[in-house]
Amino acid sequence: MTYSKEVFRKNEEWAKKTANLREDFFKELSHGQKPDLLWIGCSDSRVSSSTIAGSELGQIFTLRNIANCIAPDDINSMSVIQYAVHALGVKEIAVVGHTNCGGIKASKDIHDLSGPIKHWLEPVHQLYLENLDEINVIEGENNKLNHLCELNVKRVADIVSKLEWVVAAKNSGNPVHIHGWIFNLEDGTLKDLKL
Ligand SMILES: [Zn+2]
């Protein structure tokens, strides 16, 4: 059986089970969303926001891409943040990196890449070059990459904090709290970088 067939089989099971357990769940869900948090995470298949956070449908608005980046010239990331803050009124934004991130690893050796992914990871590569001295004193290749991952979370969180919708929310007395988190694939825990 192909995996897509399994998806439909499992979806049917889940929809029936959920409707049986909670009669009004789908009715309430169809009325609209009021998520509390915008999650900016990596596309990696191992880092699903709802699984990690144990959240329900409707609780987390999500933007995921390679190496949890945003770019001011990327209308996808900009429109997600604009909508989350301006229209949905999310109160928190979490930029979530993860250990053993393939995107972070690839950004280090960016000259091996080509096409859109090379362009997308260029700012992370620049970050790597800017912090080379700090990274080089760390022992072990994985630790070096995980440190670059933390630096990238801080970089993205800093960009988010300066976006016009985030600044406007702050000026109107409804600040959006920006978090930087790392998901540890080795034990399943989240670490707060306490930005
Ligand atoms: Zn990743």
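What follows is a conversation about reading a predicted model, feature by feature.

Trainee: Let's start with the overall picture. How many helices and strands are there in the secondary structure of the protein?

Mentor: Since this is a predicted model, keep in mind that we're reading computed values. The protein has nine helices and five strands. From the N terminus on, the order of elements is α-α-β-α-β-α-β-α-α-α-α-α-β-β. The C-alpha trace spans about 60 × 50 × 30 Å along its principal axes.

Trainee: And what share of the residues counts as buried?

Mentor: Of the 195 residues, 39% count as buried. Among contacts between residues at least 6 apart in sequence, 64% join residues at least 24 apart.

Trainee: Now the strands. Which strands pair with β1, and in what sense?

Mentor: For pairing, look at the direction of the two strands and the bridges between them. Strand β1, residues 37-42, has β2 as a parallel partner over six bridges, and it also pairs in the parallel sense with β3, residues 92-98, over five bridges. L38 shows both pairings: F61 stands opposite L38 in β2, while I93 is the bridge partner of L38 in β3.

Trainee: Are the residues of β1 and β3 mostly covered or open?

Mentor: Mostly covered in each case. In β1, six of six residues are buried, and in β3 the count is six of seven. When you look along a strand, here's a general idea to carry with you: in a regular strand the side chains alternate between the two faces of the sheet.

Trainee: Are H98 and C101 buried or exposed?

Mentor: H98 is buried, and C101 is buried as well.

Trainee: How do I read empty space in a model?

Mentor: The general idea is that rolling a probe the size of a water molecule over the atoms shows where empty space is left. In this model there is one cavity of 30 Å³ or more, and the largest cavity has a volume of about 30 Å³. Its lining is made up of W39, G41, C42, V47, I52, V96, G97, H98 and F183. The elements giving two or more residues to that lining are β1 and β3. By class, the lining of the largest cavity has six nonpolar, three polar and no charged residues.

Trainee: And the largest pocket? Which residues line the largest pocket?

Mentor: They are W14, K17, T18, L21, R22, F25, S55, E56 and L57. Helix α1, residues 3-21, supplies the largest share, four residues. The largest pocket holds about 230 Å³ of space, and its lining divides into four nonpolar, two polar and three charged residues.

Trainee: Let's zoom in on single residues. Why does N68 count as buried?

Mentor: The cut-off is under 20% relative accessible area. N68 has a relative accessible area of 1%, so N68 is buried. N68 is found in the loop between β2 (60-65) and α4 (75-87). Leaving aside neighbours within four places in sequence, N68 is in contact with I40, G41, C42, V95, V96, G97, N152, V153 and V156.

Trainee: How far is the C-alpha atom of L193 from that of E134?

Mentor: The C-alpha atoms of L193 and E134 are separated by 17 Å, with the two residues 59 residues apart along the chain.

Notes:
Residues numbered from 1 in each chain as written. Predicted model: local features only at pLDDT ≥ 70, side-chain atom pairs only at ≥ 80, totals over all residues. Heavy atoms only, no water. Buried < 20%, exposed > 50% of the residue type's maximum accessible area, 1.4 Å probe, protein only. Contact = heavy atoms within 4.5 Å. Pairing = 2+ DSSP bridges. 1 Å grid on protein atoms, 1.4 Å probe; cavity = no way out; pocket = protein on both sides within 12 Å on 5 of 7 lines; lining within 4 Å. Points joined across faces, edges and corners; volume = space filled by probe spheres on them. Nonpolar A, V, L, I, M, F, W, Y, C, P; charged D, E, K, R; others polar.
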